[in-house]
Amino acid sequence: AIERRAMDEAKGRARDAESAVAEVTREGEALHAQVALLASKLKDLLAGERARAEAAARKEMEMCSAVDERLQWVYRLEADAAASLRHISEIEGQLVATAEELQVSKVSREDTERALRGRLKGTHGHAAALEEEN
């Protein structure tokens with residue numbers, strides 16, 4: 001009877017141990033599933049962060065490209081403005097030369113008019129003298 005009782009107790013402890021092993025196994029599997037789920041979520045989170053970082057990098061490159069294009073436009077405008085200023089300076093030089101030529105022409109015309117008046121007076125005087133002789 002003692003042996004039987006010891007045997008029953010041993011069987012009971014073995015069943016308890018098997019139940020405990022099964023429980024620990026189930027808990028381990030549940031923890032493993034939770035870890036796998038957390039790893040999957042972390043992977044998704046990292047992929048989302050990577051995608052956002054890549055989008056931000058693309059946007060930054062686009063903005064840099066736009067700034068470069070604007071700078072090139074500004075440089076072209078500066079070059080065009082410098083060329084326009086040179087052209088204006090050339091035209092101003094031509095205007096000054098033309099004004100000087102006009103002044104010389106005006107003086108020459110006035111000199112010519114005085115000379116013609118002098119000749120006309122001389123001619124009138126000569127004509128009057130001829131009429132008196134006749």
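1. Arg-5 is found in helix α1 of this predicted model, and with a relative accessibility of 58% Arg-5 counts as exposed, because the cut-off for that class is over 50%. Its C-alpha atom is separated by 146 Å from the C-alpha atom of Val-104, a residue 99 positions away along the chain.

2. Helix α1 covers residues 2-133, and the protein chain has one helix and zero strands. The radius of gyration is 57 Å, well over the 14 Å that the globule rule gives for 134 residues, so the protein chain is more spread out than a compact globule. Along its principal axes, the C-alpha trace spans about 195 × 15 × 10 Å.

3. On burial, 1% of the 134 residues in the protein chain are buried. The accessible surface of the chain comes to about 12200 Å², and carbon and sulfur atoms account for 60% of that area.

4. A nonpolar patch on the surface is formed by Val-67, Leu-71, Trp-73, Val-74, Tyr-75 and Leu-77, which together have about 530 Å² of accessible area. Tyr-75, one of these patch residues, lies in helix α1 and has a relative accessible area of 45%, so Tyr-75 is classed as partly exposed, the class between the 20% and 50% cut-offs.

5. As for charge, the protein chain carries 21 positive and 27 negative side chains. The centres of these two sets lie 9 Å apart, while the C-alpha trace spans about 195 Å along one of its principal axes.

Notes. Residues are numbered from 1 along each chain as its sequence is written. This is a predicted model: local features need pLDDT of at least 70, side-chain atom pairs count only at pLDDT 80 or more; totals for chains, interfaces and linings use all residues. Side-chain values use heavy atoms; hydrogens and water are left out. Helices (H or I, at least four residues) and strands (E, at least two) are DSSP runs, numbered from the N terminus. The radius of gyration is taken over C-alpha atoms; the globule rule is 2.2 Å times the number of residues to the power 0.38. Buried means under 20% relative accessible area, exposed over 50%, partly exposed in between (1.4 Å probe, protein chains only). Accessible areas come from the Shrake-Rupley method with a 1.4 Å probe; for residues, only the protein chains shown count as cover. Lys and Arg count as positive and Asp and Glu as negative; His and the chain ends are not counted. The place of a charge is taken as NZ of Lys, CZ of Arg, CG of Asp or CD of Glu. Patches are made of residues with over 30% relative accessible area and no salt bridge: like charges are joined within 9 Å, nonpolar side chains (Val, Leu, Ile, Met, Phe, Trp, Tyr) within 5 Å. A salt bridge is a side-chain nitrogen of Lys or Arg within 4 Å of a carboxyl oxygen of Asp or Glu.
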